[in-house]
Structures are given as structure tokens and as C-alpha cells.
Amino acid sequence: MNAVTLPVRHATRPRFRVALGVGVVIVVFWAVVAVLWPHLAPYDPELQDPLHRFVPPGAGHLLGTDQFGRDTLSRMLAGARPVLQVAPPATALAVIAGTLVGLIAGTHGGLVDEIVMRVLDAVVVFPAIIAAVLLVALSGRSVTILVLVIAGSFVPIVARSVRAATLVEREKAYVEAARLRGEPSWSLMLREILPNVVTTVLVEATSRFGDAIFAAATLSFLGLGQPPGSPDWGASVSDNRLWLQLAPWTVLAPALAIASLVVGMALVADSLRGRWEAS
Amino acid sequence: MTTTPDGSAAGLTVEGLTVAYRTARGEAAAVTGMSFHVAPGETYGLVGESGCGKTTLSRALGRHLPPNGAVTSGRVRLDGVDVLDLAPADLRKWRATSLAVVHQDAGSSLDPTMRVGPQLAEILRLRGLSRAGAREEVPRMLARVRLPDPASIARRYPHQLSGGQQQRVVIAAALTARPRLLVLDEPTTGLDATVEREILDLIWMLRAEIGAAVVLISHDLGLVGRLCDRVGVLYGGHLVEEGNARDVLAAPRHPYTSALLAAVPRLGESRHARRLAAISGHPPAAGENVAGCPFAPRCALADGLCARTLPRLEAAGTRHEVRCHHSDRLYHPSSAVDVQTPARLRDDPGLSPTAADPAPELLQIRGLTRKYGRTTVVDDVSLSIGHGQVLGLVGESGSGKTTLARAVAGLGPRGTGTISLDGHALPASLRRRDARTRRRVQMVFQSPDASLNPSHTVRTILARALHTLRGSVSPQELAARADLDGHLLDSRPDRLSGGQKQRVAIARAFAGEPDLVVCDEPVSALDVSVQAGVLQLLSDQQRATGTSYLFISHDLAVVGYLADRVAVMYRGQIVDEGPAGRVLQGPHHPYTASLVAASLARLGEPTEQDTGMVQPGRPTGPGCRFAPRCPRRIDGLCDSENPPVRTEGGDHTVRCHLGIGDLPRRAVPVTIGVAPGATEEKEDPSA
């Protein structure tokens, strides 16, 4: 197009900036809590107090207590750590592996692409929960297993996005120029194509991080995560749901914690996606 | 001059129009104090490089400015109606009844999900026709823009039409409303020479019928001169020259106009005879504060006065005005396009040494065939390129020239036939070529935007090429050879202009001292002023290194300028091949003749001879592929038997049923040779 070239500044719309700010505040808050909860929690989250079971929220216990008289607020704060121990490494692993797989499939095309994508399809159709149950049954509960299960179920998603972006770049003349001068294929992928699909990778990373938080909580809820009694949010929701009518705060506090972190991450992801994709 | 009831002139009148954009650094004027008048039935051409305010002006005429743009002063009147004063409701009505705009990219102006007929009927329905009435009117509209078989066109979706056909449909839609003002914004950019000519002829034929004021915007002065009654040359938002098209083209009075003309190679002109004069530098950005003449920084005639004071628009002849302090010093009638003085198109051995003295062959293509699916794109092509020779390959889009070039480079689909380099077979697949072979064959791509990695700096791009192709110089040296400023080395491509990007791409292709560089339409995405510089660079590089080129273009003049030999491709076959001068001058293939006619027609009146519409699809049966369009067709022979390959003068072959003596020649020989005038002092002594 013969567009008029103008020094017009594409100012970020205010809505975007507010969303990003709110998201960042929420995520940073939970990250800080995950590290510093021993100094922030009013009680020991494991401390049982049989005389004060099911105390409603009030002056002594801001968010009340649960069936064992443990302080809900302290448990909620302490629960940030197990989630944030699992979600970031799982996301990182999924993004790195998925990006590599997507780049390989997209750059080579043909038979390589066909095989890689069919294998990924097979991974997708195999339910992640069953995989998790199998792995936990075989090797016991551990953070490593959680990370591997979550990462494994995300790799195909990341790989597909990166492959789609790679297919677009691969057709461009700069890639052909690189092939003409004989760049090896690893160099084509990492040096030529990767920098130009990095937006896709970053968008995937932020979206998958939100999903990973949710997945970690879900697995804990199902008893596949942290050992029983741990203050993990998913496990807490699971443990306390029997007393939902008697003491709803014991379920609501960890549930809201999960929701807020997922929403916060989603806000960050959406605003960054909007910004990167516009640029 | 007719007048409207309130006494103002009929047609479009623009008075002192200034358009500014709000930017981070305050207001930036993109168009300053423009005044011109276009009478009904008159065609007014607006010419200038990208960024000179052409598009801004065209948008301002219909009040279609982007939200940050505004008319800060001046008036636009159409048949007495002050367009800028219209209330929003009246403006919508005025746009619907009086204005039609045709944009550059016809495809995007049509709704891809609707058939052409219903789309046009919708416009008619908006104008109050009944459903049945609209249905009847649509074929008439399509017939009016000379589309064959309107009923079948109306049933097609836009993507089933060629670019030229799409543009015709858009023009048909634009004319439905019987507009009073028709704005054509680069209507033929991106179209082939022959299709371009058809569209322009159409506009020419229709303009009397339309009776509207027509504003044609283009960066191609030759094109505008051919089609318009009057021409306005825009530079840096100012009208720098205005006059009758023939006067401006024949005797430009502004150095910018003259430079624009000198930048375009004329048909038959060879690089051995004349250097193209690119206009160095670039136009001022909108709002850039220029005290004096905006062209002064790029002008050879500029002095202190030019830097201080903006010249006034002053009369320079009959209805001819120019904004220059030194317009009297630039009266070089001979430097401009002269259609009256015919000269022989020479095939002087001294002009093209390698053409007369067959060089040892570097590249040999034998029986090359390439298919996409079941469509044969390149059909049994044999060609050769000598050492140090430039072979120009010309043809319309879809003729298979790009596929042929990519096959030589080792890209694209596999097929039959052989390619050999210095007698050694060149593997068809890039993967099977060894490092030495890869180094010998390099390529310059069409789109400068896509051919450079947007994430890499120029230095990285050149360094990678030097590393993989084992070049022996530094990136700085490589850039300097392509006339790239050293400070650009650390920029990424998005900071570079189109011409600079193409220079980087050329520098990269030369990193490993190649023997053959395949140039796939390297200048077709560039403005004429920039095109000249890139062509000149290619020419200089060729002269300095002795590299051979396979140079592809749909522009015959560009191919003729650079090439020693020319091959003309039509629907997958080479129909004409020989020394550049003889192919252009004839006797040549009727298709070559039509290309030459299309190319020359720009410089004078439109040619009435019509070669017919480009028929989509490929003929599968026997017979000459050009037969359906050929004015010299022999019925019963051309459409049933494959034409023989005739040889003329030893090294010029034509695939045609006509005997050599019957083949068309240029009726009016082409101007060739050293053009005196503004470019003389830049003449290369070695030429």
C-alpha cells in the first residue's frame, strides 16, 4: 500500500494498561507471598487447635478456622508456595520443549512435520489426568511428577502455535535466502526463524502459565499433588468441601486465591498479547 | 468554462488546501497550500514519490482523512458545493452521489464472500433500483468496462478474477453512481504492463462518457503524462509544477520533474549507453520544517536563495506554472521524453559487446519443465546465459518466469529437464547442491520487506552471508560496495527505506563472489526514483565483478536497460529470445510486439490497437498459446498446430507460424542513445 508514512505514535489504549497493571499487581502479590509467607502468616498453618474449630471469620482469625482449628488465612498464604513451585517450571518446560518441537516440525515440513504432529495428536487425546494417576501410582507424589505431567500436556498446545507461526515465516524470502546460502537447519530454526516467532512464544508462555496454575490446583484437588494436610489450595478445597455449608470460608478462601492468581495471569497474558500482536 | 448557479466554476476546485496531522511532536503539514482546478471531463494527474502528500490529498478530497489528520485551511469545491462545510448527513449523501474512489489494491475493495453480481446489484439497490432492475443492469455495467461475457463474470467470486478484471469491476462499481469526481489512487500499481495498459485505455475511453472530474494519482510520470490532460507534480506537500501533460513531459521546468523523468529507463535504452540518474536523498517527512524550497537538499541547481526562501508558483508558459527560483536554467527539451523524433534502435556491437560476441556459456537450461499440481507452469524451456552476460526474462504474471528463476536457484517444485553450470549438472534441489555450487548461484528477491530478516541488523545479515558463503571482505566493505552508508549497519530492516533494503539484499547476494545472480523483479516494488538507483547498482556490480544475471521483470524498458539478451516468456514457453536490441526492435514475436506497444504507449497517445483480454486458464490443446490474443493469427493454423521455432540472424529465435519476413517490427523505431540534458554531467566515462 502506498500509505502515508507518518510519525504516528500507537499509544497503548488505557484499558490495556489498567488490565496489565491489575494483573501484574495480583501476580506479584502472590509471588511475594509464596516466598515470604512465614513472616506474613499470623499462625502456623499446620497448628491444630481443637477448641477453636470452625470459627467464623472475625477478630481472632481474620478468615476463620477449619475442621482442625487451623487458621484459614495462614493456610491460604502458605498455599501459594506449592502452586508457584509447580506452575513456573512446568510452564518453562512446556514452552521450551513445545517451541523446539514446533520449530522442527514447521521448518522441516513434509514427513518430519507429519510424524511430529501425529505424535502430538496422540499426546493430546490421551487424558492428562489418567497420565497423572498412572505416574503418581508408579512413582509416588512429588513436585517433579506434577511438573512433568503439566508440562507434558501443554507441549502439544505450544508446539502447534509455534509451528503455525513458523510455517508463515518459512515461506518468507529471508528464509529462502538463508537456505540459498546454505545455513544449516539448526541455524535456520534458531537464528533466522525463532526471533521472528518469539511473540507467539511469549504469548503462549503467559497463557500457559495461567493454565498451569489451574492445572496444579486441579491435580491437588484430585489428591495427585501435595501430600494430605499440606496447605495447598487445591487440596484445601478438596479437604474442606465436606463442610461447605457449615464453614464456607474454608473453601472460599483457597478457591478465591486460585481464581485471583489465574485471573491475574490471564490479565497479564491478554494485555501482553494485545500489545505484541499490535506491534 | 461552464459555471454553476452560484457562479463558481464547474468541476473540482481546490484552493489553498493545507492538511496537517497531529503527531507526538505537534502538527505536521503533509500538504501545504495546494490549489488546482479540474473541469468536468478533464483528467488531472498528481505525481510524486511516496511520502509527498499524494494520498493525503486524495483522502482530503473526499474527507476521508485518518482521525489524526485535519484540513487546517483552504477549500475544496465540487460543482459549487463546499465539501469541507458539509454536515455529516450531507457529507454521506454527497459521497454517495458525487464521489467515487478507486484504490490501488482492487482485490481488497471487493467483498471476498460475495459474488460480483450481487455486490454490484447492492450499489444499484442503494440508488433506488428494484431487485429485478438491478439484476438486469449489472451485466450492462460490466459490459461498459469491457469485460467479456459479463453474465459469467457476475456469477464469479472476486478471487476467481484476475487482478485486471477485479480492477475493472471496481471501476464499474465506481461509475455506477455517475460520480462528479472520480479519484483513482495508483489504480494500476501491481498490475502487468499489458493489463495496466488495458485499464488505462479503459479509463481513457470512459472519461468522456463519465463526464466527471478525474484525479489520477501515481508515482509514474510517464503513465500520468499519457493519460492526463493536466499534470501536477507534488513534492514535500507542495505543488512544484503544474501544466498541460504534454508540456510538462516534453519540457519540464522544475528540477524535480526533470529528475523524475531521467530516473525512468526508456524502452530501448541500454545501460551501456546511459547511466540512470537516481534522485539522491529522500523527500522531507510530513511536518519537517523546511524554510526554503523543499527540493533544495536534493537539487543540483540549489543555492543560498533556495535554502532560505520558498519559491512562488510562477507562470512558465501557457497554463504552465512552476515553483522554482531557477526554472529558466533548466530548459532542456531534449532531456525529456520526445515522442516526435524517431531514431534507430541500434544493435551496435559496441553497445552490447557480449551480445555480438557469444561468450562461453555459464548456465545451460535444457528442456526444463515445472508443474504445480496439474498445471504446467514452465513448459520445456531451454535457455543459456554466457559468462558476464545479463539475460533479461520478461513476461506477464503467471507466465512462469519466477518459477523458472527459482528452479535455477534450486527453489520450488521438482520437475524434468536439466540445468548445468559450466557444463556440470546443477542439482535441482538446493539440499543436494554443495557449498561451492551454492556460493556460485545467488538470488535477489522481489519484495525487499520479506527478503531481510526483520530481527537481524544489517551487519548481522551481511556477516551471516559472508560467513556461510566464505566471503573475504568485511560487512562494512560489502555494504560500501552497495553504496550503503556505514551508519546503517547497526539498523534493523524496519528502519530502512525500500531502496536501502534492496541494496542490502544485493550486497548479500554478492557476499561470496557469485558467478550467477538471479534477480526476481528486484525493482518492481520500488518508486521510480529509487528504482533508478537500484538498477544502476546492479549494473555497476555487474561491470565490476563480471557476474552473470538472470534478470526478471514485467517491465520491458527495465529489462531492455539492463540486459544483453532478452527472453520473452508467454504461458510457460519462451516465444522470443535474442540480443536485446533485436528482440525489442524486431522482427519479433507478435506478443513481444504487443509488450513493446504497451511500453511505448505510455509516452504518447493511447494506442487503439487492442490485443484482447487476458484469458484466465491455460490452453491444453495444441496450437500457439498466444493465438487467442494475437492480432496476426492465421485461423486454422495457429490454433491447431504448434508453431515452429524460427531463427533470425543466427542468434535470435522466435516461436511463431509467421515467417521472419512477416513478423512484426517496430513501426516507429525506439529512441535510444545518450539522452542529453540534466543527467549529462553524471555520465560514466567508461560508457
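1. Asp85(B) is exposed, with 11 other C-beta atoms within 10 Å. Here a residue is called buried if 20 or more other C-beta atoms lie within 10 Å of its own, exposed if 12 or fewer, and partly exposed in between, with C-beta atoms placed from the backbone. Asp85(B) sits in the loop between β5 (81–82) and α2 (88–98) of chain B. Helices (H or I, at least four residues) and strands (E, at least two) are DSSP runs, numbered from the N terminus. The C-alpha atoms of Asp85(B) and Arg75(B) are separated by 8.8 Å, and the two residues are 10 apart along the chain.

2. On the source: this is a predicted model, in which local features need pLDDT of at least 70 and side-chain atom pairs count only at pLDDT 80 or more, while totals for chains, interfaces and linings use all residues. Residues are numbered from 1 along each chain as its sequence is written, and chains are lettered from A and ligands numbered from 1 in the order in which they are written.

3. Chain B as a whole has 23 helices and 24 strands. Of its 687 residues, 53% are buried. Among the contacts in chain B with a separation of 6 or more, 70% are between residues 24 or more positions apart. Two residues are in contact if their C-beta atoms, placed from the backbone, lie within 7 Å.

4. The division of chain B is into domain 1 (244–340 + 673–687) and domain 2 (349–427 + 440–445 + 516–604 + 625–662). These bounds come from an automatic or database domain assignment. In the contact between them, 19 residues of domain 1 of chain B meet 24 residues of domain 2 of chain B. The side of domain 1 of chain B that touches domain 2 of chain B has 12 nonpolar, three polar and four charged residues. For these classes, Ala, Val, Leu, Ile, Met, Phe, Trp, Tyr, Cys and Pro count as nonpolar, Asp, Glu, Lys and Arg as charged, and the others, Gly among them, as polar.

5. The contact of chain A with chain B takes 22 residues from chain A and 33 residues from chain B. On the side of chain A that touches chain B, the elements that give two or more residues are α7 (173–180) and α8 (185–221) of chain A. The largest share of that side, six residues, comes from α7(A). By class, the side of chain A that touches chain B divides into 11 nonpolar, four polar and seven charged residues.

6. Within chain B, helix α4 (residues 116–126) and helix α7 (residues 163–176) pack at an angle of about 15°, and their axes are 9 Å apart. Axes are lines fitted to C-alpha atoms, for helices over the stretch in contact, and angles run from 0 to 180 degrees between N-to-C directions. α4(B) is therefore roughly parallel to α7(B). Angles under 35 degrees count as roughly parallel, over 145 as roughly antiparallel, 65 to 115 as roughly perpendicular and the rest as oblique. The crossing of α4(B) and α7(B) is right-handed; a crossing is left-handed if the near helix is turned anticlockwise from the far one by less than a right angle, and right-handed if clockwise. From α4(B), Val116(B), Leu120(B), Ile123(B) and Leu124(B) meet Val169(B), Ala172(B), Ala173(B) and Thr176(B) of α7(B). The residues of this contact are seven nonpolar, one polar and no charged.

7. By class, the contact of α19(B) with α20(B) has five nonpolar, five polar and one charged residue.

8. Two backbone angles should be noted. Most residues other than glycine have a negative phi. Arg470(B), which is not a glycine, has a positive phi of about 55°. Arg470(B) lies in the loop between α17 (458–468) and α18 (475–481) of chain B and is partly exposed, with 14 other C-beta atoms within 10 Å. Glu513(B) also has a positive phi, near 50°.
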